[in-house]
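Me: I've just opened this one and I'm new to it. Can you walk me through it?

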Amino acid sequence: MSAAGEHGTVAPQGAEGLKYRRVLLKISGEALAGDQRFGISPPVVDRITEEIKHVHDMGVALGLVIGGGNIVRGTTASAEGMDRVNADYMGMLATIINALALQDILERKGIETRVLTAIRMEQLAEPYIRRRAMQHLKKGRVVIFAGGTGNPYFSTDTAAVLRGIEMEADVIIKATKVDGIYSADPKKDPTAEFIPEITYLDALSRELGVMDAAALSLCKDNDIPILVLNLDAPRAVAKAINGEQIGTLVHSSAPLLATDSDDPSTPS
């Protein structure tokens, strides 16, 4: 037996208690490569899709955006001498390859999915149309948004925020390889401090690398929170959706945690 959520999505009973009912999940392309650092690692994709299936089974209306850095990263190719526009379009095509890989394994697990791409290629995926995406979500399908924004000079972070706003998501979850946001790169600086909560403005001014400035500004203007968490942590996404304190929350309000300094973004 099922119940309709506030967005009109049919969800299993018990989903009403979730903190977030409609979620845009952003996954980096590098996450799909695992230790091999390039391409797609089937065992890694299997683990990621198990997490996605678990979240879907909770009754969450779920949209996905996948990066393409495991195949081609536009900014990197451009820095190495390639024309920036061509490099960015190659990166967009890489996101479509990743989206099709995720779709294949999700559907093997019994999860109905749709890939919607900003670059038209009807033989492989549906063109992105917002009303069509909303209808798929209403029917309980996982929607994978591919092809970035369809325009060069925009990152997949910006694409994720844009699609999250368009699908009226309650939160954008950025799944990374670290536990959240730190004051510096924890892999390079052992003194880096974990930041459990921060405002959009602080994240922008401190240039912490949460997302690029365009993506953060979009979130700020539309007051949509961002959760940054570690995709490798067991059930991290599900725990966040249930309301457990995990990862770093980026939002409009001042952090609730007391601090020892005048900078409200520095935890005590």
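Predicted model: local features only at pLDDT ≥ 70, side-chain atom pairs only at ≥ 80, totals over all residues.

Me: OK, how many helices and strands does the protein chain have?
Reply: The chain has nine helices and 13 strands. These are DSSP runs numbered from the N terminus, helices being H or I with at least four residues and strands E with at least two.

Me: And what percentage of the residues are buried?
Reply: Of the 268 residues, 51% are buried. Buried means under 20% relative accessible area, with a 1.4 Å probe and protein chains only.

Me: Switching to H6, which of its residues are buried?
Reply: H6 covers residues 156-166, and its buried residues are Asp157, Thr158, Ala159, Ala160, Val161, Arg163 and Gly164.

Me: What do they pack against?
Reply: Strands S3 (22-27), S4 (61-66), S7 (142-146) and S8 (171-176), along with helix H8 (213-222).

Me: What happens at the N-terminal end of H6?
Reply: Ser155 caps it, with a side-chain oxygen 3.3 Å from the backbone nitrogen of Asp157. Such a polar contact is a pair of N or O atoms within 3.5 Å; within protein, one must be able to donate a hydrogen and the other to accept it, and residues adjacent in sequence count only if both atoms are side-chain atoms. Just after H6, Glu168 has a positive phi of about 60°.

Me: New topic: where is Thr95, and is it buried or exposed?
Reply: Thr95 is in helix H4, residues 84-108. It is buried, with a relative accessible area of 2%.

Me: What does Thr95 touch?
Reply: Leaving out residues up to four places away in sequence, its contacts (heavy atoms within 4.5 Å) include Ile66, Gly67, Ala146 and Thr156. The side chain of Thr95 also reaches the backbone oxygen of Met92 at 2.6 Å.

Me: Last one: which residues lie nearest the centre of the largest pocket?
Reply: Ser28, Arg73, Asp157, Lys174 and Gly209, out of 41 lining residues. On a 1 Å grid over the protein atoms alone, a pocket is an open set of points where a 1.4 Å probe fits, with protein on both sides within 12 Å along at least five of seven lines, and lining residues have an atom within 4 Å of a point.

Me: Which helix gives the largest share of that lining?
Reply: H4, with five residues.

Technical notes. Residues numbered from 1 in each chain as written. Heavy atoms only, no water. Buried < 20%, exposed > 50% of the residue type's maximum accessible area, 1.4 Å probe, protein only.
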